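Here are my notes on the model you sent over.

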Amino acid sequence: MELIDFPTFALKIREQWVASHPEATPEDLGDYYAYGYEEEGFYIDPEKAKYYYDLAGVDFEFQFEESACDDLTGEWPMLYLDGSLEVLHEVKVFFKQINGTPDLDENIISTHLLLSKVMQALVDSSYYNGHIYRMDLFDDVIFLLLKTEDHMALCHALNQCFPGLKAEYMDPGD
């Protein structure tokens, strides 16, 4: 089974946003691509950021920030994924394909899957730090245990790329 062209979904969301916000300046768009405006479909992309900053006459040099999530202590964020059995199956298949482990147990994927690899497949942006540490399926919902500072970017990407999915952040302290 081939991976779906998920970046096309994100592109459509961006195009709709730009069409409905004609007041957005090239500098605004540069900011969105430089720092991410994921809830509206803008994922970090230094080349696009530079393009829009050049149009605006603004100097730009991308600085990839190293993550502080290499610390193995403390509580990690979780994403709770809910939806129909069909969409949850699609999510499981996606993660197994990205991980290269299609034969793993149906209910558990224990991995240190790079968030950059997942975001590249979903929204064509590898500029996100962290790992998806584990994925569990319980009672028709999926829990993703993350080791990342960019959990909301992943949350938005999953919601945008899997229509009918409801991905929500869960505070590890709850």
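The points below cover the chain as a whole, then the helix packing, then a few residues.

1. Overall layout. Keep in mind that this is a predicted model. The chain has six helices and five strands. Read from the N terminus, the order is α-α-α-β-α-β-α-β-β-α-β. There are 174 residues, and 40% of them count as buried. If you take the contacts with a separation of 6 or more, residues 24 or more positions apart account for 61% of them.

2. Helix 5 against helix 6. Start with helix 5 (residues 115–123) and helix 6 (residues 151–161), whose axes come within 10 Å and cross at roughly 30°. Under 35 degrees counts as roughly parallel, so that is the label for helix 5 and helix 6. Their crossing is left-handed. On the helix 5 side the contact is made by Leu-115, Val-118, Met-119, Leu-122 and Val-123, and on the helix 6 side by Ala-153, Leu-154, Ala-157, Leu-158 and Cys-161. Sorted by class, that gives ten nonpolar residues, with no polar and no charged ones.

3. How covered are these two? Helix 5 is mostly covered, with seven of its nine residues buried. The buried set is Leu-115, Ser-116, Val-118, Met-119, Ala-121, Leu-122 and Val-123. Helix 6 is largely enclosed by the rest of the structure, because eight of its eleven residues are buried. Those are His-151, Ala-153, Leu-154, Cys-155, Ala-157, Leu-158, Gln-160 and Cys-161.

4. Helix 1 across helix 5. Helix 5 has another partner: the axes of helix 1 (residues 6–20) and helix 5 come within 5 Å and cross at roughly 65°. The range for roughly perpendicular is 65 to 115 degrees, so helix 1 and helix 5 get that description. Phe-6, Pro-7 and Ala-10 of helix 1 meet Gln-120, Ala-121, Leu-122 and Val-123 of helix 5. By class, this contact has six nonpolar residues, one polar and no charged.

5. Ala-121 sits in helix 5 and counts as buried because its relative accessibility is 18%, with the cut-off for buried being under 20%. Leaving aside residues up to four places away in sequence, Ala-121 touches Phe-6, Pro-7, Phe-94 and Ile-98. Take Phe-94: Ala-121 and Phe-94 are 27 residues apart in sequence, yet their C-alpha atoms are 9.3 Å apart in space.

6. Have a look at its backbone: phi of Asp-124 is near 60°, a positive value in a residue other than glycine. Asp-124 belongs to the loop between helix 5 and strand 3 (131–138). With a relative accessible area of 45%, Asp-124 is partly exposed.

7. Helix 2 with helix 3. Elsewhere in the chain, helix 2 (residues 26–35) and helix 3 pack at an angle of about 155°, and their axes are 7 Å apart. Over 145 degrees counts as roughly antiparallel, so helix 2 and helix 3 are roughly antiparallel to each other. Helix 2 passes helix 3 in a left-handed crossing. From helix 2, Pro-26, Glu-27, Leu-29, Gly-30, Asp-31, Tyr-33, Ala-34 and Tyr-35 take part; they meet Lys-48, Ala-49, Tyr-52, Tyr-53, Leu-55 and Ala-56 of helix 3. The class count for this contact is ten nonpolar, one polar and three charged residues.

8. Gly-57. This glycine is in the loop between helix 3 (46–56) and strand 1 (78–82). Is Gly-57 buried or exposed? Gly-57 is exposed, with a relative accessible area of 64%. The C-alpha atoms of Gly-57 and Glu-27 are separated by 8.4 Å, although the two residues are 30 apart along the chain.

9. Cysteines. How many disulfides does the model have? With sulfur pairs within 2.5 Å as the test, the count comes to zero. Two cysteines to look at are Cys-155, buried with a relative accessible area of 4%, and Cys-161, buried at 2% relative accessibility.

Terms used
Residues numbered from 1 in each chain as written. Predicted model: local features only at pLDDT ≥ 70, side-chain atom pairs only at ≥ 80, totals over all residues. Heavy atoms only, no water. Axes fitted to C-alpha atoms, helices over the stretch in contact; angles between N-to-C directions. Helix = DSSP H or I, 4+ residues; strand = E, 2+ residues; numbered from the N terminus. Left-handed = near helix turned anticlockwise from the far one by under 90°. Contact = heavy atoms within 4.5 Å. Nonpolar A, V, L, I, M, F, W, Y, C, P; charged D, E, K, R; others polar. Buried < 20%, exposed > 50% of the residue type's maximum accessible area, 1.4 Å probe, protein only.
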